[in-house]
Amino acid sequence: MDYSIFIYLILTALVVALGWFVNLPAGRMEVQRYGRGDRQYCGLTRQQAVNRILVTAVFLLLFTVSAGRIAVGNDYWVYRQDFLLIEQNRHVSFEFGFIWVVRFLQSMLNHDQYLPIFAVFSFFTVLFFVRGMADLSEQFCFTVFLLMTGGYYFSSLNSVRYYLVLSIALYSIKYVLRDEWGKFIFCILVAAAFHKSVLIVIPFYFLASRNWKKWHMLLLGVGCGSLIIFQDLYRKIIFYFYPFYEGSMFDTGEMSFSNIGKCAAVLVLAMIYYKQAVKEDKRNRFYFYCNLGALALYVFGSFIPEVSRIGYYLNITNIFLIPGVIVKIPDKKQRVLWTVLVAAAYLAYFVLFLRSAYSTDIRLLPYRNWIFQ
């Protein structure tokens, strides 16, 4: 029996338990109420100090498991081989930012020291995930629970470049919601130096940030129709930038029914309480439109290789939308009911995810840690 699965289960339980005591809204309210009064500790209010300590602890736990992995993920040894090719100044199909960072780290290390390189990318991936959740979440514990049981964190142990830019995209959402478009564009351009697919969020996040009118829905319908009519054109554009995807194992045209179901379920919950939780709430409205866009992609864009990854830029916002909707449900019994239902659904998904993690094309389990080997 493989006991390494318990590392993932214990990690999930620990970070969710720590998140239970994080109260971000209370910390913000203390600042407004007490300013720089006697309730401060090292320049912070008590709740803010507690929040920072616990959020830091969550970061350290997630980073330790991520940075300490060895031979975890189906592309782990592929990346190790690519690190060697970069060291030899040979061609690799990576963006320049990733190549430059790897080359810089190699200049500071001995030959084939790939473990510290993985650790550096783990540090920034986890950092942007945790900072993004701390900046955007109104219920940090619930958001962390959804990140873990939804498989986003554990999938980041695979696909190093992609999950780094996904975490940066998540972090950059705060600038979209503040209408600080210069900072947002800067973040995305930096991320694009590691995986250019992230550029797709610039138009998507801009559209999602608008207060949609009827013509916006019409525009969405036209976009969905174009995905059906002009598939060949879209594929030519995609393969111009990613020629190695054409005819590959990722170019299957299969629909991602699990992602379709997840997006649809989240949207149903949001629609039930649309007036109370979404209509006049800028944040929740943005997350709602992101999930709507993801659903459209999964249904009409199945011909796009790795469409799930493109959709993740949009539907990862459900870790904010679900708590954001539930917290605004007027009736307490309904809030408790939906919390239990969502938690049960995500736990069931988590079980299925962990079972699939042993698959040879995923290989997130068994987990191995170089620190203890």
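**Exercise 1. Cysteines**

Classify Cys-141 by its relative accessible area: is Cys-141 buried or exposed in this predicted model?

*Solution.* Step 1: the relative accessible area of Cys-141 is 15%. Step 2: a residue counts as buried under 20%. Step 3: Cys-141 is therefore buried.

Next, determine how many disulfides the structure holds, and which cysteine sulfur is nearest to that of Cys-290.

*Solution.* Step 1: the structure holds zero disulfides. Step 2: for Cys-290, the nearest cysteine sulfur belongs to Cys-263, 10 Å away. Step 3: a disulfide requires two cysteine sulfur atoms within 2.5 Å, so this criterion has to be set against that distance. Step 4: Cys-290 is accordingly in no disulfide. Step 5: with a relative accessibility of 1%, Cys-290 counts as buried.

**Exercise 2. Overall fold**

*Solution.* Step 3: the C-alpha trace spans about 60 × 55 × 45 Å along the principal axes. Step 4: of the 373 residues, 50% count as buried. Step 5: among contacts with a separation of 6 or more, 74% join residues 24 or more positions apart.

**Exercise 3. The setting of Gly-97**

Describe where Gly-97 lies and which residues it contacts beyond its neighbours within four places in sequence.

*Solution.* Step 1: Gly-97 belongs to helix H5, residues 96–108. Step 2: its relative accessibility is 7%, so Gly-97 counts as buried. Step 3: once neighbours within four places are set aside, Gly-97 is in contact with Ala-193 and Phe-194. Step 4: Val-120 is 23 residues from Gly-97 in sequence, and their C-alpha atoms are 14 Å apart.

**Exercise 4. The second largest pocket**

Characterise the second largest pocket: what is its volume, and which residues lie nearest its centre?

*Solution.* Step 1: the volume of the second largest pocket is about 1000 Å³. Step 2: its lining consists of 34 residues, and Ile-200, Phe-204, Leu-297, Ile-304 and Ile-310 lie nearest the centre. Step 3: helices supplying at least two lining residues each include H11 (201–208), H13 (231–241), H16 (282–300) and H17 (307–315). Step 4: H12 provides the largest share of the lining, seven residues. Step 5: by residue class, the lining divides into 25 nonpolar, six polar and three charged residues.

Note on methods. Residues are numbered from 1 along each chain as its sequence is written. This is a predicted model: local features need pLDDT of at least 70, side-chain atom pairs count only at pLDDT 80 or more; totals for chains, interfaces and linings use all residues. Side-chain values use heavy atoms; hydrogens and water are left out. On a 1 Å grid over the protein atoms alone, a cavity is a set of points where a 1.4 Å probe fits but cannot get out, and a pocket is an open set with protein on both sides within 12 Å along at least five of seven lines; lining residues have an atom within 4 Å of a point. Grid points are joined across faces, edges and corners, and a volume is the space filled by probe spheres set on the points. Ala, Val, Leu, Ile, Met, Phe, Trp, Tyr, Cys and Pro count as nonpolar, Asp, Glu, Lys and Arg as charged, and the others, Gly among them, as polar. Buried means under 20% relative accessible area, exposed over 50%, partly exposed in between (1.4 Å probe, protein chains only). Contact means heavy atoms within 4.5 Å.
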